[in-house]
Amino acid sequence: MDYLSNPKYRIKKTWIIALSGCLIALLLFILINYILWSVEKGFHRTSFLSNEHIVYLNDDKEALRGFQTLENETYYFDKETGYMHTGFLEEGDDLYYFDEEGKQKTGLQTIDNKTYYFKKDGTAVKKSFKEIKKEEKKRTVYFKKDGTMATKSAKINGVSYKFNKEGTLLPDTEQMKASIETILEKYAPNNSVYFKDLKTGETFSINDTNMYPCSIIKMFVMATVYDQIEQGNLKEEDCQIYLEAMMIHSDNTSYNHLLALLGNGDPLKGKDLLNQYIQELGFEHTAVHHGLIPGQGYFSDGKDNTTRPSEIAKLLEMIYNKKIITEKYCDKMIKLMKKCADDSGIADSLPEGTDFAHKSGWADAYYLDGGIVYSKYGDYILVVFTDSSYQMPCREISTFVHDYLNILS
């Protein structure tokens with residue numbers, strides 16, 4: 001009989017093969033589990049053919065589950081299967097990351113070209129600013145709601161912020177400028193503003209035009225006097241009392257006297273020397289033409305003194321970066337400006353204890369103020385000129401700028 005062609009025997013053969021396969025699988029399952037559960041405490045694969053699933057057996061041959069600290073490293077094992085987790089893990093609102101060996105990562109991590117920061121407990125920083133340190137440099141960055149570091153822009157509590165490709169927080173100068181322009185709408189139109197972030201280099205200006213400088217022009221006199229002292233043409237002990245009176249108390253007689261010292265007794269020659277030095281430094285819109293009153297020793301060539309906010313800011317930045325005269329004299333100039341007695345303008349809106357190196361000036365309705373603010377956020381330059389609104393624009397603008405930047409810190 002042809003057994004192979006008989007349907008009855010073909011069916012039996014199929015069942016035999018199937019039963020044999022099941023029996024082999026059962027035996028393999030029993031063997032694998034016997035080997036698996038008879039081994040010692042530690043990490044073990046659940047398959048001889050793959051590392052995809054790894055468990056950790058304790059002394060009782062039980063697979064650990066959840067978060068576990070083993071040999072000073074933190075791991076996570078699935079609560080149902082006991083399999084060790086790798087990659088991202090979301091637990092409620094918390095985000096964790098485990099590397100290919102299952103170890104929990106902390107600190108700054110770059111994963112798939114995106115940057116995250118995991119705290120000591122392993123949770124990712126989300127919806128929060130964070131100061132990080134890399135290569136000995138500190139910078140403030142922001143981590144979005146998905147845990148990734150912002151590298152372009154982000155709206156945080158209704159305020160827009162900018163970030164560079166390294167994630168460094170930048171002030172949104174366009175928004176700052178627009179907000180200050182709104183502040184100035186309620187005042188007479190003749191107001192000028194200049195801002196520079198000394199940490200990032202971000203800057204903006206509003207109506208950067210020349211204006212009568214009142215006593216803020218004394219900054220240029222101070223710089224010129226120290227330059228002449230450095231060159232040996234003047235003695236510091238002969239000038240110091242006048243520099244202090246001029247810069248701290250805005251004494252006009254001291255200003256007039258220093259111009260005379262610069263000109264060997266002739267203030268008009270002194271102002272020519274000062275203007276020459278100003279031009280050598282690259283200032284195109286600043287010049288001194290007369291003395292100041294009330295005060296003794298007034299002089300004039302018939303023209304008005306003049307400057308603009310951007311040039312006050314430029315001089316401040318040169319002093320701040322020690323790019324003028326010498327480091328020693330830059331430090332002396334900053335020290336003098338930090339002692340400025342007038343605190344009715346920009347300084348009026350700064351928190352108590354904030355260092356502010358500045359010089360102000362006023363006459364009639366003119367009020368001008370400009371200086372370096374050493375804030376919690378970082379150092380910045382703010383200069384405000386007004387010829388009709390006294391100190392109020394300075395105060396409001398200073399409040400806005402400081403509060404805006406303080407959020408960034």
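Visitor: In the hairpin that strand 16 and strand 17 form, which residue in the turn has a positive phi?
Guide: This is a predicted model. Strand 16 and strand 17 form a hairpin with 2 residues between them. The two strands run antiparallel and are joined by 9 bridges. The turn residue with a positive phi, of about 55°, is Asp-364.

Visitor: Which residue in strand 18 is the bridge partner of Tyr-374?
Guide: On one side, Tyr-374 in strand 17 stands opposite Asp-355. Strand 17 is also joined to strand 18, by 8 bridges, and these strands run antiparallel. Their hairpin has 4 residues between the strands, and Gly-378 takes a positive phi near 155° there. In strand 18, the partner of Tyr-374 is Asp-379.

Visitor: Why is strand 17 largely enclosed by the rest of the structure, and how many of its residues are buried?
Guide: Buried here means under 20% relative accessible area. Strand 17 is largely enclosed because its buried residues number 7 of the 9.

Visitor: Which strands are at the edges of the open sheet?
Guide: The sheet has 5 strands in the order 15-14-18-17-16, with antiparallel pairing. An edge strand pairs on one side only, which holds for strand 15 (203-206) and strand 16 (355-363).

Visitor: What angle does the direction of helix 9 make with that of strand 18?
Guide: Strand 18 (residues 379-386) is joined to strand 14 (residues 191-197) by 7 bridges, with Val-193 opposite Val-384. Helix 9 (residues 392-408) packs on the sheet and touches strand 14, strand 17 and strand 18. The angle between the directions of helix 9 and strand 18 is about 160°.

Notes:
Residues are numbered from 1 along each chain as its sequence is written. This is a predicted model: local features need pLDDT of at least 70, side-chain atom pairs count only at pLDDT 80 or more; totals for chains, interfaces and linings use all residues. Side-chain values use heavy atoms; hydrogens and water are left out. Two strands pair if DSSP finds at least two bridges between them. Contact means heavy atoms within 4.5 Å. Axes are lines fitted to C-alpha atoms, for helices over the stretch in contact, and angles run from 0 to 180 degrees between N-to-C directions. Buried means under 20% relative accessible area, exposed over 50%, partly exposed in between (1.4 Å probe, protein chains only).
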